[in-house]
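Student: I have a model open and would like to go through how its pieces pack. Could you take a look with me?

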Amino acid sequence: MRTYRRTGYAVAALAAVALAAAGCSSSSSSSPSAPASSGAASSSAAAPSSSSAPVSTVSGSGGQGAQSVTNYLSYTGGKAGAANASLPPVTIGYLNEQGDANPPGALASNGAQMAVNYINKELGGVDGHPLKLDTCFTTTEEQGTTCANQFLANKSLPLISTGGVAVGAQSFFNTLQGKIPVIDGVAVTPFDAVQKNTVILFGDSTHVLGPMGTYATQVLHAKTASVIYPQTPGLAPGATAIQQGLKAAGVQVTMAPFPVSDTNLASVLAAAHASTADMVIPYADATDCVNLAKALTQQGITDPKKIVSAPLCLSGTVIQGLGDFPKWTYSIASSLFGDTTDPGMPAYMAVTKKYTTPANAPDPWEIVNFGQILTVDKLLNQVGYANISQSSVIAAAKAFKGPQALGAPSLDCGQFAAAPAVCNDQVQFFEYNGKNQFSKVAGWTKPPASVTGS
């Protein structure tokens with residue numbers, strides 16, 4: 001099995017990143033379910049459903065392989081050098097849940113602003129014009145309405161880009177009513193996916209967590225699984241998506257929610273039957289990842305193949321709490337930071353050296369939102385400054401087939417009748433071996449067929 005080394009990220013000390021040269025030697029361009037119950041643990045099962053495609057577990061080039069985006073100038077269609085500060089900026093809306101206790105994507109805004117800074121200083125902005133974010137953040141559901149009204153008041157906005165938004169998402173979309181196009185990276189709630197004037201480049205929680213079911217049966221050959229998660233609005237829809245993917249694959253599932261930041265999780269693990277389950281899925285943000293990792297270790301549940309998590313635990317906060325990432329298997333809908341077999345990763349790592357901190361660079365939300373804003377810039381350049389409008393931008397976004405920078409090798413926006421905004425449902429799986437090393441255990445994987453068609 002090939003080893004993927006997280007070069008440049010010294011885990012214990014969060015040391016400075018030692019980066020490969022920017023990808024100048026090669027280039028690639030391209031053109032709902034209800035939340036899970038917050039009560040006691042519950043079990044459910046369904047008849048098996050065949051997966052849409054076999055899972056590849058062979059070692060080889062990571063990321064998108066030969067399709068990887070390695071040259072951001074070529075990808076965005078920009079011009080080398082800084083944007084012309086004397087020209088009027090192209091302003092886009094940017095929405096993120098930020099400032100409350102448990103935001104799903106705390107560093108999403110960092111990734112978006114990093115991309116804007118880089119685009120304006122090195123990629124010529126948008127057709128020579130500076131790119132600018134009109135930001136608004138939610139911490140309550142009511143602020144979703146406030147942010148939507150803020151953006152609607154700016155008649156010149158061609159689009160709104162979003163980070164990780166759970167709290168405020170429903171009121172935001174209800175107020176916006178599709179009047180301004182929205183380009184998501186990863187959508188947290190089911191509300192994003194059903195919007196007709198929205199494009200979700202990396203996928204939503206239902207579709208990128210559904211592959212857990214395919215992985216469970218085709219790689220682990222699991223018959224039982226435990227899903228353990230904190231009771232927060234940002235995570236409950238994802239936990240339900242994991243449950244649905246597992247059930248569609250024929251796996252018997254035990255759901256085990258727990259109060260946020262609860263450190264006494266022995267009873268939760270017992271109720272989840274975690275010690276005897278074939279697959280254990282801790283699904284949490286960084287703080288609760290630390291608590292879950294400690295509890296699992298205390299209970300002697302440490303098999304890295306059996307424990308499979310979303311990438312939210314790949315965070316500097318987890319390093320500070322544990323001294324290393326948990327030795328689990330991780331699914332991820334984007335490139336993996338430091339994956340030395342991913343031809344697209346050196347270019348990102350080179351940018352992070354100049355525009356962010358070593359502690360933030362590996363965060364999956366920072367990676368996704370950076371790649372997302374690069375694609376926004378690509379679309380705006382493609383349309384051309386003189387032709388930028390809401391209709392021209394959303395048409396270009398829906399027609400974009402990938403590869404997505406730092407994302408999936410192919411996109412198909414509108415492929416799901418019940419989720420017309422979703423463009424991707426593929427993820428990769430990596431096992432963390434400690435000491436900054438990951439092993440790829442499954443290539444781009446889709447959900448079971450019954451989930452894929454939803």
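Student: How are helix 2 and helix 12 oriented to each other, roughly parallel or roughly perpendicular?

Tutor: Helix 2 and helix 12 pack at an angle of about 95°, with their axes 11 Å apart, and they are therefore roughly perpendicular to each other. Angles of 65 to 115 degrees count as roughly perpendicular, under 35 as roughly parallel, over 145 as roughly antiparallel, and the rest as oblique. Axes here are lines fitted to C-alpha atoms, for helices over the stretch in contact, and the angles run from 0 to 180 degrees between N-to-C directions. Helices (H or I, at least four residues) and strands (E, at least two) are DSSP runs, numbered from the N terminus.

Student: Before we go on, what kind of model is this?

Tutor: This is a predicted model, in which local features need pLDDT of at least 70 and side-chain atom pairs count only at pLDDT 80 or more, while totals for chains, interfaces and linings use all residues. Residues are numbered from 1 along each chain as its sequence is written, and side-chain values use heavy atoms, with hydrogens and water left out.

Student: Which residues meet between helix 2 and helix 12?

Tutor: On the helix 2 side there are Met114, Asn117, Tyr118, Lys121 and Glu122, and these meet Tyr348, Val351, Thr352, Lys354 and Tyr355 in helix 12, where contact means heavy atoms within 4.5 Å. By class, this contact has five nonpolar, two polar and three charged residues; Ala, Val, Leu, Ile, Met, Phe, Trp, Tyr, Cys and Pro count as nonpolar, Asp, Glu, Lys and Arg as charged, and the others, Gly among them, as polar.

Student: What do the side chains of glutamate 122 and lysine 354 form?

Tutor: They meet in a salt bridge at 2.6 Å, N to O, the rule being a side-chain nitrogen of Lys or Arg within 4 Å of a carboxyl oxygen of Asp or Glu. Glutamate 122 is in helix 2 and lysine 354 in helix 12 (residues 345–355), so placed that the pair links distant parts of the chain, 232 residues apart. By this rule the count comes to four salt bridges.

Student: And at what angle do helix 2 and helix 13 pack?

Tutor: Helix 2 packs with helix 13 (residues 364–383) at an angle of about 40°, with their axes 7 Å apart, and the two are therefore oblique to each other. The residues of this contact divide into eleven nonpolar, three polar and two charged.

Student: How do helix 13 and helix 14 pack?

Tutor: Helix 13 and helix 14 (residues 390–399) pack at an angle of about 120°, with their axes 9 Å apart, and they are therefore oblique to each other.

Student: Switching to the sheet, what is the strand order?

Tutor: It is an open sheet of five strands in the order 4-3-5-6-7, with parallel pairing, and two strands pair if DSSP finds at least two bridges between them. Strand 4 (131–138) and strand 7 (198–204) are the edge strands, each pairing on one side only. Eight bridges join strand 3 (residues 90–97) to strand 4, and glycine 93 stands opposite aspartate 134 in strand 4. Helix 2 (residues 108–122) lies across strand 3 and strand 4, running at about 170° to strand 4.

Student: Where is the cis peptide bond?

Tutor: It joins glycine 402 and proline 403, with omega about 0°, and proline 403 lies in the loop between helix 14 and strand 13 (427–434).
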